[in-house]
Amino acid sequence: MDASPAPFVPPAPKPRTAPPSFLEMIRIVYRNPLELWGEPSYNEPWISVGGVGGPLVVANDPGLIRHILVDNVRNYKMSVVRQKILRPILRDGLLTAEGEVWKRSRKAMAPVFTPRHIFGFAQPMLARTQAFADRYVSGSTVDVARDMTTLTYDILAETLFSGEIAAPPGTFERQIDRLFETMGRVDPLDLLRAPDWLPRITRIRGRKTMAYFRGIVADTIAMREERLKRDPDSAPQDFLTLLLKAEGPDGLTRGEIEDNIITFIGAGHETTARALGWTVYCLAQSPWERDKIEAEIDEVLAREPDPVKWLDAMPFTRAAFEEAMRLYPPAPSINRQPIEEDRYGDLVLREGATVLVMPWTVHRHRRLWDRPDAFMPSRFHPGNRDRIDRFQYLPFGAGPRICIGATFAMQEAVIALAVLLSRFRFDTVAETNPWPVQKLTTQPEGGLPMRVNARA
Ligand code: HEM
C-alpha cells in the first residue's frame with residue numbers, strides 16, 4: 001500500500017458546467033481566460049465551435065497536437081490575435097517572426113543556444129542566485145512571486161549583457177515592467193477581430209515606454225560593438241556578443257538583434273520565474289516531497305560543486321519543477337491558425353480558425369492524467385517519465401517552433417532551486433492564497449507571500 005499522504009491539490013478554476021453569456025465571456029477573457037473553459041475542454045479530445053471572433057478549435061488530443069505542431073506544421077501560422085498582442089513589442093524577434101524571416105533567424109540563432117554556451121551560463125546563474133539568497137533575512141515574510149521575477153531578471157540581465165547596459169541602474173528594469181504591463185495584454189477588441197484603426201486602450205500608454213526602451217537596447221548594442229572592435233578578447237561571451245556574431249547577410253540584421261534582445265527579455269525571465277514560484281509554493285504544501293528534494297540537493301551539493309552537472313544529478317528537483325509547469329504552464333496557450341482548410345479524422349479545421357493548443361487544458365485533461373489536478377512530482381521521476389506522451393506535456397511547445405530557451409530555463413531552474421532550498425525553507429503563511437491568472441504568463445494573483453527560514 002502507498003503510505004505517502006494524500007497529494008496536495010493546488011488552486012485552479014473549476015471547469016465550467018455551463019457556457020458564460022457573451023458579456024461575461026468578454027469580462028473573463030479580459031480578467032482571466034483560465035476561467036473560461038468548461039467540462040468539455042478538460043474531457044474531450046477537441047472542441048470545435050463558432051466563436052465570436054470566428055471558428056475556434058481547442059486541441060487536446062496528443063495526435064491532433066502532433067498533427068498541428070509537427071506533421072502538418074506548414075499549414076499553420078501564428079494566430080492573428082497573438083501577433084496583434086506581441087508583434088508591436090517584439091517585431092521580428094524569433095517568437096513573432098514568420099516565414100523566411102523566422103527560418104533564417106532560427107538557423108542563425110541555433111549556435112547561440114548550443115549546450116556549450118548554455119553550460120557557460122551555469123556559473124553566472126549560480127553566482128546571481130547566491131548573491132540574491134544572501135539578501136534573505138531568516139524569519140521574514142517575502143513575496144516569492146516577485147522575488148523569483150527579480151532573480152530571473154538578474155540572471156537574464158547577466159547572461160544577456162553581463163551588466164553592461166547603457167542606462168542608469170534600475171531604469172531598464174522599471175521600463176520592462178511598464179512595457180509588459182501596458183503592451184502585452186489581451187485586448188477584447190483583438191479577440192473580436194476589430195479593425196486595426198480602432199485604438200486599443202490597453203496599449204496606448206505603452207508607445208512612449210516602448211520608444212524609450214528600444215533606445216536603451218540600441219545604445220547597449222552600440223556600446224558592445226564598440227568594445228568588440230576595441231578589444232574582442234576581453235568582451236564577455238554573453239547573449240549579446242553571441243547575437244552580434246550571428247549578424248550578417250545570411251544571419252541576423254541589426255534590427256533583428258534588437259528585436260531578439262527584447263524577445264529574450266519578454267520570453268525568457270517571467271516564464272521561468274512563474275514556474276519557480278509555483279514550485280516553491282507547491283513544495284511548501286507537500287512537505288514530504290520537499291524533504292525528498294532537500295535530501296537530494298544536500299547530497300549532490302556535498303559532492304558536486306559544478307552547477308553544469310546539477311540538472312542531471314537532481315532528478316527529484318527537476319521533477320518537482322516539471323510537475324509545477326504541468327499544473328501551471330508558464331505559457332498557458334499556444335495559438336495557431338490554419339492557412340488552408342485542414343482535416344484530422346472527422347475534425348475540420350477551417351482556414352483562419354483560431355486553433356488553441358493549450359498546455360493549461362492538456363496538462364489537466366481528465367483522460368490523459370491520473371489525478372490531473374494533484375501535485376505529484378513522481379509522474380516525472382525516472383522510470384515514470386517515459387509513460388508521458390511527448391504531445392501531452394508541452395510546457396515548451398513542440399515542433400520547429402519549440403522554445404529555443406528550454407535548456408537554458410531548465411538549467412537555471414535547477415540551479416536556482418538547489419541554491420535556495422539548500423539554504424532556506426519556504427513556508428506558507430495565512431495570507432498565502434494564490435489564484436492562477438493568465439496574463440502573458442500564468443501568474444499567482446495575490447502574489448506568493450511566504451515565510452523564509454534559514455535551514456539549520
Ligand atoms: C520555463 C521557462 C519557459 C517556458 C515555459 C517557455 C515556453 C515557450 C513556449 C511554449 C514556446 C512556443 C510558443 C509557440 O509555439 O507559439 C516558446 C518559444 C520561445 N521561447 Fe520560451 N519558454 C521559457 C523560457 C525561455 C527562455 C529562457 C528563453 C530565452 C532566453 C526563451 C525564448 C523563446 C523564444 C525566442 C521562443 C520562440 C521560438 C521560435 O518560435 O522559434 N524561452 N517558449
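**View 1. Helices α7 and α8 are oblique to each other.** The model shown here is predicted, so local features need pLDDT of at least 70 and side-chain atom pairs count only at pLDDT 80 or more, while totals for chains, interfaces and linings use all residues. Residues are numbered from 1 along each chain as its sequence is written, and side-chain values use heavy atoms, with hydrogens and water left out. Helix α7 covers residues 122-134 and helix α8 covers residues 144-161; they pack at an angle of about 140°, with their axes 9 Å apart. Helices here are DSSP runs of H or I with at least four residues, strands are runs of E with at least two, and both are numbered from the N terminus. Axes are lines fitted to C-alpha atoms, for helices over the stretch in contact, and angles run from 0 to 180 degrees between N-to-C directions. Angles under 35 degrees count as roughly parallel, over 145 as roughly antiparallel, 65 to 115 as roughly perpendicular, and the rest as oblique. From α7, the contact (heavy atoms within 4.5 Å) takes in P124, M125, R128, T129 and F132. From α8 come D147, M148, T150, L151, D154, I155 and E158. By class, this contact has 6 nonpolar, 2 polar and 4 charged residues. Ala, Val, Leu, Ile, Met, Phe, Trp, Tyr, Cys and Pro count as nonpolar, Asp, Glu, Lys and Arg as charged, and the others, Gly among them, as polar.

**View 2. Helices α5 and α14 are roughly perpendicular to each other.** Look for α5 at residues 99-109 and α14 at residues 254-268, which pack at an angle of about 75° with their axes 12 Å apart. On the α5 side are V101, R104, S105 and M109, and they meet E256, N260 and F264 in α14. The residues of this contact divide into 3 nonpolar, 2 polar and 2 charged.

**View 3. Strands β4, β12 and β9 form an open sheet in that order.** The pairing of the 3 strands is antiparallel; two strands pair if DSSP finds at least two bridges between them. β4 (140-143) and β9 (424-428) stand at the edges, each with a single partner strand, so one side of each has no neighbour in the sheet. From one strand to the next, the twist averages 40°. Helix α20 (residues 406-423) packs on the sheet, where it touches β9 and β12, and its direction makes about 85° with that of β9.

**View 4. Here is how β12 pairs with its partners, β4 and β9.** Strand β12 spans residues 449-454 and is joined to β4 by 4 bridges. Along this pairing, T141 stands opposite R451 and D143 stands opposite P449. Another 5 bridges join β9 to β12, and T428 stands opposite M450 in β12.

**View 5. Helix α16 is roughly perpendicular to α20.** The axes of α16 (residues 287-303) and α20 come within 9 Å and cross at roughly 105°. I293, E294, I297, D298 and L301 of α16 make the contact with L417, A418, L421 and S422 of α20. Sorted by class, these are 6 nonpolar, 1 polar and 2 charged residues.

View 6. To find C403, follow the loop between α19 (359-362) and α20.
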